[in-house]
Amino acid sequence: MIWDWDYTRDILPDLLRGLVVTVQATLVGSVVALLLGLVFALLRRSSLRAVRIVTGAFVEFIRSTPLLVQLYVLFFVLPTVGITLSGFQAGVIGLGVHYATYTSEVYRAGIEGVPRGQWEAATALNLPASRVWRSVILPQAIPRVLPALGNYVIAMFKETPLLSAITVLEMLAIAKGLGSQTFRYLEPLTLVGLLFLLVSLPASLTVRRLERRFGH
Amino acid sequence: MSAILDFLPLLLKGAWVTIQITAGAALLGLVCAFAGGLAAVSGSRISRAVAIVYVEFFRGTSALVQLFWLFFALPLIGIRFEPIAAGIVALGLNIGSYGSEVVRGAIKAIPKSQYEATVALNMTPYRRMRSVILPQAVVGMLPPFGNLLIELLKGTSLVSIISIADLTFNAQVLRSAALPTLTVFLVVLAMYFVMAYTLTLGMKLLERRAARSIGLGKLPYQPDAVKLAEPV
């Protein structure tokens, strides 16, 4: 059994349609992860001990348990308590929350990297807390962690095939469907691998360039 | 409560499979990590190229795609894996590619003077790695290896998709058996958390021992001589 080029040509458009869903899930998931991660990072610095502890425990728990199980909880378990999500919604929420626990650590490192003098200067100028974060701390903290955040966006891209397990028709689900119709898995699955490489290699090169630009 | 006792044996059986796959893939991953990492810093251009292709290929594609490829695509060209073997091989190769970068980075981080000293002492390349570079580099590798181990443990849940009866798979089985789904999944998440936490504690212990073995750790007691030696 060798590679069938005609079959490859036939299935490529379907797989590219799957790639679009994969990219959409990555983008929406990234927005959730990038925003929620910042929220987690700020909550972990809250002046209330209880808030710090609860956020810390939640982040640790989510980060130590498999994304796949979390997706099952969102998609299969939540309906039993009256919350029904579509596969795509459950997928991007799961991806977003899971990776928010990673990005929150990145933000934390960035925030801690801002020199103490900046905090002191902001206090000396009597800036309100929201202004300190918005105009002094975050503009300095975030650029230097952009490469690390970019790496997690790429990691999320590579995790999207998990969404096939909760009925989202992304690239891998389509490849599997095509394979089960024709019993030829070699072409669709290899193409999926190549398409992943095609996106993730240039993406990691871009991140590496970012690293050089914002490098310490 | 009695419901929990009903489904617990099946979940524990699944957890045991999860542990076995984690252990097998960790072992394979460790071998791949050192092979890939050492090849990446070797003098031979060919082995460096092989290492780059291995690392970029496995880091650039999705673990689940790799698993599917081993399980569904390879049998068509005559290579057949048992499901568990496919799981261990795919996850091991995948985590090994990340591990290669860790090994490469840790070796590169050893000060150049250490290499120069081994050259001055006329050590063979093998002896240099074995007695000077690696013992120091391993200390730097352990913390990132710990993180990778947790990633691997979480990654083993993927094997449930190719019908291996691991913890995640058995949770799904119980879900279709109309048991209290929420409870089942909370127990499953808690089990993963306990396994991850145990691994984290174990790695911390290993890190401390490794650091002490090359004289970097805290001494169990502070000898008086050190205090006396300090300038007054």
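Guide: A residue is counted as buried if 20 or more other C-beta atoms lie within 10 Å of its own, as exposed if 12 or fewer do, and as partly exposed in between, with the C-beta atoms placed from the backbone. This is a predicted model, in which local features need pLDDT of at least 70 and side-chain atom pairs count only at pLDDT 80 or more, while totals for chains, interfaces and linings use all residues. Residues are numbered from 1 along each chain as its sequence is written, and chains are lettered from A and ligands numbered from 1 in the order in which they are written.

Visitor: Why is A:D4 called partly exposed?

Guide: A:D4 has 14 other C-beta atoms within 10 Å, a count between the limits of 12 and 20, and therefore A:D4 is partly exposed. A:D4 sits in the segment before α1 (5-43) of chain A, where helices (H or I, at least four residues) and strands (E, at least two) are DSSP runs numbered from the N terminus.

Visitor: Which residues does A:D4 touch, not counting those up to four places away in sequence?

Guide: A:D4 touches A:R184 and A:E187, contact being defined by C-beta atoms, placed from the backbone, that lie within 7 Å. A:E187 is 183 residues from A:D4 along the chain, and yet their C-alpha atoms are separated by 7.4 Å.

Visitor: What makes A:V192 buried?

Guide: A:V192 has 30 other C-beta atoms within 10 Å, and because the limit is 20 or more, A:V192 counts as buried. A:V192 lies in helix α8 (residues 186-214) of chain A, and beyond its neighbours within four places in sequence its contacts are A:L15, A:M171, A:L172, A:A175 and, from chain B, B:V65. A:T182, by comparison, is 10 residues from A:V192 in sequence and 16 Å from A:V192 in space, C-alpha to C-alpha.

Visitor: Why does A:F183 count as exposed?

Guide: A:F183 has 8 C-beta neighbours inside 10 Å, and a count of 12 or fewer is what the definition asks, so A:F183 is exposed. A:F183 belongs to the loop between α7 (171-182) and α8 of chain A, and its phi is near 60°, a positive value in a residue other than glycine.

Visitor: What makes B:S163 exposed?

Guide: B:S163 has 10 other C-beta atoms within 10 Å, which again falls under the limit of 12 or fewer. B:S163 is placed in the loop between α6 and α7 of chain B, with a positive phi near 65° in a residue that is not glycine.

Visitor: How do you know that helix α5 of chain B lies largely in the open?

Guide: Helix α5 (residues 112-120) of chain B has 9 residues, and the number buried is 0, so the helix lies largely in the open. After α5(B) comes B:N122, whose phi is positive, near 60°.

Visitor: What makes up the side of chain B that touches chain A?

Guide: In this interface, 30 residues of chain B are in contact with 31 residues of chain A. The elements giving two or more residues to the chain B side are α2 (45-60), α3 (63-73), α6 (125-155), α7 (167-176) and α8 (181-213) of chain B, and α8(B) gives the most, with 9 residues.

Visitor: How many residues of chain A are there, and what share is buried?

Guide: Chain A has 216 residues, of which 40% are buried, and it holds 8 helices and 0 strands.

Technical notes. Contact = placed C-beta atoms within 7 Å.
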